[in-house]
Amino acid sequence: MTNKFFTISIPILLLIIASFYFTSKFIQPSVKKEITIATGSIDGEYYKTALQYKELLEKQKVKVNIVTSNGSLENIELLNEKKVDIAFVQNGIEIVKNENNLQAIASVYYEPLWIFYKNEDYKINYIIQLISKKISIGNEGSGTKDLALKLLKDNGLDNTNTQISTSSNKEAKDLLLKGEIDAMFMISSADSQIVKELLENPNITLFNFKRAKAYSRKYTFLESNTLYEGTIDLYKNLPYEDINLLMTSANLIVRDDFSDELIRLILKEIKPLHNKKALFEADNQFPNINNISAEINENAQRYFIYGDTWLEKLFPYWIASNIDRLKILLIPLITLMLPLSKGFFPLYRWSIRSKIYKWYKQIQKIDLLSEDAKNEDLQNYLKEISKLKHEIKAETKVPLSYMGEYYDLIMHLELIITKINSKLTAK
């Protein structure tokens with residue numbers, strides 16, 4: 001019986017092991033729990049947001065490295081050079097559309113375009129009025145420069161009729177306050193200290209986009225929004241009138257080989273950070289994948305449509321992720337299920353009956369030896385079979401459905417005992 005068990009079970013076990021081994025070759029290895037994020041300058045909004053991401057992701061055991069840069073264009077270079085894994089990039093950057101290996105996973109918040117100019121007792125409502133002026137359009141490699149050049153070109157301004165320069169927001173602010181430039185373009189949040197400082201200065205005026213809606217129709221990645229009077233500071237009444245602003249958005253861009261698991265984890269963790277109501281953002285407006293000019297990552301798109309999987313709702317993220325990765329192992333299990341299910345019940349019946357039938361070898365031996373035994377030997381055989389009877393009752397536990405076969409065994413034992421007793425009486 002034992003040999004038969006091993007003859008059946010060992011090939012099945014080897015088949016299961018072989019199936020799992022073969023299937024395991026198709027399982028993706030666990031992702032490296034480390035990412036590098038490209039931001040902007042250390043005093044910019046991208047960097048502040050990256051610090052918040054770092055705090056959230058490191059709670060999920062993901063190491064986060066932060067790399068500063070001059071802005072969106074440099075961040076794209078860092079992605080292409082594989083020096084970073086994910087980067088903040090301003091929406092509408094033309095070069096992203098032409099990079100087949102770069103994809104957007106989310107738009108996370110609005111980025112207003114601020115144009116400040118020297119107050120010379122007249123208002124500027126059209127960009128063309130800046131012709132022949134000295135203008136700073138942001139850092140080299142920044143998204144501000146990219147957008148500013150688009151808007152200047154639309155209005156016929158270039159280096160042939162206007163003095164255009166590049167500098168950081170802080171440098172441009174200082175130059176504007178000193179009167180060394182006439183206007184500056186900057187993209188920053190309303191919380192920026194530079195924005196507040198310039199709004200408070202009576203010698204500086206914030207440009208009011210009179211044709212904001214026209215620009216937003218021309219460029220789908222731009223939106224028109226109103227900064228209402230007193231929004232920045234009610235006490236100081238900043239700004240002192242309603243201002244029409246143009247806004248782009250901050251996008252998270254990755255290479256197309258970036259881990260799907262990390263994309264889902266990042267989106268899951270940053271969602272509570274960005275879905276709150278803010279100065280320009282409505283409740284649950286961000287993060288989203290609306291109006292993004294870059295190609296949308298397929299996995300990110302699925303996440304925004306379907307949200308967390310049922311596994312992610314039941315388990316911590318990395319447990320759910322590992323279970324999901326191992327789901328391919330269901331293939332050999334399902335493949336083997338049918339033949340195994342057919343063999344399970346016969347194997348079960350055999351295993352139960354073997355508990356009963358294993359005693360018959362000893363019973364038969366005693367029966368044969370007692371046939372021609374003498375009185376003294378018969379006494380020994382009687383003791384031996386009585387002892388065997390107690391042993392069988394103590395050790396043989398079977399389900400109720402097999403009790404008939406168990407009592408057949410006991411009946412056969414009793415038959416041998418009666419037979420031996422009859423011989424002893426006759427002698």
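This report covers the backbone, the nonpolar cores and the salt bridges of a predicted model.

## Basis

The model is predicted, so local features need pLDDT of at least 70, side-chain atom pairs count only at pLDDT 80 or more, and totals for chains, interfaces and linings use all residues. Residues are numbered from 1 along each chain as its sequence is written, and side-chain values use heavy atoms, with hydrogens and water left out.

## Backbone points

One runs from L238 to P239, with omega near -10°. P239 sits in the loop between strand 9 (223-227) and strand 10 (243-255). Helices (H or I, at least four residues) and strands (E, at least two) are DSSP runs, numbered from the N terminus. The other cis bond joins F286 to P287, also with omega near -10°. P287 lies in the loop between helix 9 (260-274) and helix 10 (298-306).

That loop between helix 9 and helix 10 also holds N284. Phi of N284 is positive, near 60°, in a residue other than glycine. N284 is exposed at 59% relative accessible area. Buried means under 20%, exposed over 50%, and partly exposed in between (1.4 Å probe, protein chains only). K82 has a positive phi near 60° too. Its place is the loop between helix 3 (72-80) and strand 3 (86-90). K82 is exposed, at 57%.

## Nonpolar cores

A nonpolar core is a set of buried Ala, Val, Leu, Ile, Met, Phe, Trp, Tyr and Cys residues joined through side-chain atoms within 4.5 Å. The largest has 26 residues; I35, I105 and V108 touch the most other members. Elements supplying at least two residues each include strand 1 (34-38), helix 2 (45-58) and strand 4 (102-118). Helix 9 gives the most, with six. A second, separate core of 25 residues includes I115, L152, F209 and A212.

V108 has contacts (heavy atoms within 4.5 Å) with residues including Y53, F88, F286 and P287, leaving aside those up to four places away in sequence.

## Salt bridges

The whole structure has 17 salt bridges. Each is a side-chain nitrogen of Lys or Arg within 4 Å of a carboxyl oxygen of Asp or Glu. K123 and E241 pair at 3.0 Å, N to O. They link distant parts of the chain, 118 residues apart. K123 is partly exposed, at 45%.

D174 pairs with K170 at 3.7 Å. The two are four residues apart in helix 6 (residues 169-178), so about one helical turn separates them. D174 also bridges to K173, at 3.6 Å. K173 is buried, at 10%. Shared partners join K118, E120, K133 and D182 into one network.
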